[in-house]
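Q: I have just opened this one and could use a guide. Can we talk it through?

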Amino acid sequence: MFDKERYKIKTLQILSPIKPVDKNTIATKDFLLRARRSRASYDLPLYYLVYFLFAELLDFENLGQFEKVAWSFPIDYKGRAFLIEFRKFGIGVFVQDIERDEDDAAQIVKRINGAVKCARPFFDNIAEEAVKASLLNVTNKNRELYQRYEYLLGLYEAEYEKYLSYKEEYSTIESGSVTTYKSLGFEYRKRSDWLAISCIEAFFSWTEHLFVHLAIVAQGLSDGEELSKLIDSEWKVKYKKAIPDDTVEANKFYDELLIVRQQLRNFVAHGAFGKEGNAFAFHSHTGAVPVMMSYKRRKNRFSLYGSLSFIEKDVIAFVQEFIDFLWKNFPAAMYYTQELCLPTILTLAADGTYNDASKDMESMKLFSDRLMSMMDDSANMDW
């Protein structure tokens, strides 16, 4: 069991002489309304660490929410009143007299930083308990990752069009009496292949993130520890968690995309000597013979033949087909996670909110509008 009292004693010692205000603490009559942010405030730790320190570990009084103020802890430092507050424009140490109290504010910040560092095991315990209780929001980076994919897709398509236009043309280089011919089509095809590989890499990066969110919104994943395991799992596990049905269409995409990932991404991304798995060649009476390294790592890892090749253009088309499949089968969930890029909230999966909202697009839009309004009010501290 975590020894909270031990860390409470240690952090109070580090904070001393900071203590809760009492009747002997000196403060101007209108201090709460006119307190000013000290320059030392910019060196404070993250706002939530300060909150957990004073509210959860030390049990200091919190004055609560005010207009544009999320929380406020009045403290006594050498007999004078100071405020530790989280306002719309950030956390700060707020003082009565900006000139007189600045040095003291700097000392307060120094002591808070020391206490936060000392209390790290306490914060780790809070995080562990939050995961166990599934009180989690999952950061959503889907739009950013998808935009990367789209950007690389556009570059690939442009380069491939150049290849189609110039594949029969040659440039010439004159060097004295020697003329060298260079195939323009070959150069553009090579560049388009490189971009296709980068594009497919971006696709797998995006979908690996997307599947975690779909597992929550579309499939009702609501357990924090299960979520942690899913985030650490492989792409194929995430796929099955987000798209668990065994329809012919879903299985077709799973099987084909898994082959693409194994053949292209694993070899190219991890330096396995080319997309066809050509690891090395051995000497024979008929010359050098290529040896294939099997990505499946079965009993016979090495082979003289294999089918580890792919056609970039076809893979790109198949990826686009899969994206259409996602929007067709999970329109409301895709709208929430991809179009709006809202964080996914495990408690909303646990209480059935996501399930109800995902029934049709109208329900999801109404729910999302309410959620965004609540988030805007919170960000603006409009209580």
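The chat below turns to a helix and then to a sheet.

A: Gladly, and please keep in mind throughout that this is a predicted model.

Q: What should helix α5 span, and how far apart are its end C-alpha atoms?
A: Helix α5 covers residues 120-132, and at 1.5 Å a residue its 13 residues should span 18 Å; the end C-alpha atoms are 19 Å apart, which agrees.

Q: Which residues of α5 are buried?
A: The buried residues of α5 are Phe122, Phe123 and Asn125. Seen down the axis of α5, the buried residues fall within an arc of 155°, so they line one face of the helix.

Q: And what covers them?
A: The cover over the buried residues of α5 includes α1 (4-15), α3 (47-57) and α4 (102-118).

Q: What comes after α5?
A: Ser134 follows α5, and the phi of Ser134 is positive, near 60°.

Q: Switching to the sheet, in what order do the strands sit?
A: The five strands form an open sheet in the order β1-β3-β4-β5-β2, with antiparallel pairing. β1 (19-20) and β2 (36-37) stand at the edges with a single partner strand each, so one side of each has no neighbour in the sheet.

Q: How many bridges join β1 to β3?
A: Two bridges join β1 to β3 (residues 69-77), and these strands run antiparallel. Pro20 stands opposite Ile75 in β3.

Q: Which helix packs on the sheet, and what does that helix touch?
A: That is α3, which touches β3, β4 (80-87) and β5 (90-95), while the direction of α3 makes about 55° with that of β3.

Note on methods. Residues numbered from 1 in each chain as written. Predicted model: local features only at pLDDT ≥ 70, side-chain atom pairs only at ≥ 80, totals over all residues. Heavy atoms only, no water. Helix = DSSP H or I, 4+ residues; strand = E, 2+ residues; numbered from the N terminus. Expected span 1.5 Å × (residues − 1). Buried < 20%, exposed > 50% of the residue type's maximum accessible area, 1.4 Å probe, protein only. Arc of directions from axis to C-beta. Contact = heavy atoms within 4.5 Å. Pairing = 2+ DSSP bridges. Axes fitted to C-alpha atoms, helices over the stretch in contact; angles between N-to-C directions.
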